[in-house]
Amino acid sequence: QVQLVESGGGLVQAGGSLRLSCAASGTIFRVNAMAWYRQAPGEQRELVAGITSGGNPYYTDSVKGRFTISRDNAKNTVYLQMNSLKPEDTAVYYCNAHLIMTTLKEDDYWGQGTQVTVSS
């Protein structure tokens, strides 16, 4: 059994900040890449930011300079620090992790999503 548990979403005014967290638990042998996606109403889910197992980050253009992704490998946790938030950042944010289980099964797993709402 694997769980990705997200926290940190909420309502914030434009220009404000939020920090999302996502912790992976279960019979995990190794956590490879981790990422955050988001989905706004009526839109497709899009990649926001990702981080490799070696700690190299990558971002979609619209969040570069405002969002920072990081990870704590000892805690199997990924974070997304979101600064200078804009109304267009409003969406449900989903954590994604590529995991190798103790059975050596390898797959992508998703969190349940956390709502981020930015008011103007």
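In what order do the 4 strands of the open sheet lie, and is their pairing parallel or antiparallel? In this predicted model, the strands of that open sheet follow the order 1-3-8-7, and their pairing is antiparallel. Strand 1 (2-7) and strand 7 (67-72) stand at the edges with a single partner strand each, so one side of each has no neighbour in the sheet. From one strand to the next, the twist averages 15°. The partner of strand 7 is strand 8 (residues 77-82), and the two are joined in the antiparallel sense over 6 bridges, with Ser70 standing opposite Tyr79 in strand 8.

Strand 2 (residues 10-13) pairs with strand 11 in the parallel sense over 4 bridges, and here Gln13 stands opposite Ser119. Strand 9 (residues 91-101), by contrast, runs antiparallel to strand 11 and is joined to it by 3 bridges, with Val92 opposite Gln115. In a regular strand, the side chains alternate between the two faces of the sheet.

Asn56 lies in the loop between strand 5 (46-51) and strand 6 (57-59), and, apart from neighbours within four places in sequence, Asn56 is in contact with Gly50 and Ile51. Asn56 and Ile69 are 13 residues apart in sequence, while their C-alpha atoms are 9.4 Å apart in space.

Terms used:
Residues are numbered from 1 along each chain as its sequence is written. This is a predicted model: local features need pLDDT of at least 70, side-chain atom pairs count only at pLDDT 80 or more; totals for chains, interfaces and linings use all residues. Side-chain values use heavy atoms; hydrogens and water are left out. Contact means heavy atoms within 4.5 Å. Two strands pair if DSSP finds at least two bridges between them. Axes are lines fitted to C-alpha atoms, for helices over the stretch in contact, and angles run from 0 to 180 degrees between N-to-C directions.
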